[in-house]
Amino acid sequence: MIMITGGAFSGKKDYAKKRFGFSDEDILNGGECTLEAVFTAKCVADYQFLVKRLLEENEDAQEFTKRLCKENPSTVVIINEIGAGIVPLEKNDRIWREETGRSGCLIARNSSEVIRLACGIPTIIKGESKA
């Protein structure tokens, strides 16, 4: 498993396409794909929105993420950093932010590489990469 993280619009998908040769069809959108599709996906983008969907459906995001790590260990997960900045006023937004962070920690722990992008520039924060 490989995790790519960073702020919104920091070049994460473009980096994944270039580095791994993914086409648009290879990259699932976590906000729109079926939940079962992630278990066979080459790449899942916007994982933070998948977490939001799970919470809205009263599913356990951490258990889902553990299952993903176990059943699809070769996938690339792209997840936005949403934990910085002002704490959201709405309780549901705070819960989403917390669960996204916890899910990201699970993915990072199970990843051989963790790459953070800022302004399109990759920084390897875990593992050895061919960035």
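This is a predicted model: local features need pLDDT of at least 70, side-chain atom pairs count only at pLDDT 80 or more; totals for chains, interfaces and linings use all residues.
Helix α4 comprises residues 91–109. Its 19 residues reach 27 Å from the first C-alpha to the last, close to the 27 Å expected at 1.5 Å a residue. The buried residues of α4 are Trp96, Arg97, Glu99, Thr100, Ser103, Gly104, Leu106 and Ile107.

Three aromatic pairs are present in the structure. In one of them, the ring centres of Phe49 and Trp96 are 6.1 Å apart and the planes meet at 20°; the pair is therefore stacked, as the angle falls under the 30 degrees that count as stacked. Phe49 belongs to helix α2 and Trp96 to helix α4, 47 residues apart, so that the pair links distant parts of the chain. The accessibility of the two partners was also computed. Phe49 has a relative accessible area of 35% and is partly exposed, whereas Trp96, at 14% relative accessibility, counts as buried because the value is under the 20% limit.

Charged side chains also lie over aromatic rings. Lys52 is placed over the face of Trp96, at 4.3 Å from the ring centre. Trp96 thus takes part both in the stacked pair with Phe49 and in the arrangement with Lys52. Elsewhere, Arg67 has its charged end over the ring of Phe39, 3.8 Å from the centre of that ring.

Definitions and conventions. Residues are numbered from 1 along each chain as its sequence is written. Side-chain values use heavy atoms; hydrogens and water are left out. Helices (H or I, at least four residues) and strands (E, at least two) are DSSP runs, numbered from the N terminus. The expected span of a helix is 1.5 Å times one less than its number of residues. Buried means under 20% relative accessible area, exposed over 50%, partly exposed in between (1.4 Å probe, protein chains only). Rings of Phe, Tyr and Trp (its six-membered ring) pair if their centres lie within 6.5 Å; planes under 30 degrees apart count as stacked, over 60 as edge-to-face and the rest as tilted. A charge sits over a ring if NZ of Lys or CZ of Arg is within 6 Å of the ring centre and within 35 degrees of the ring normal.
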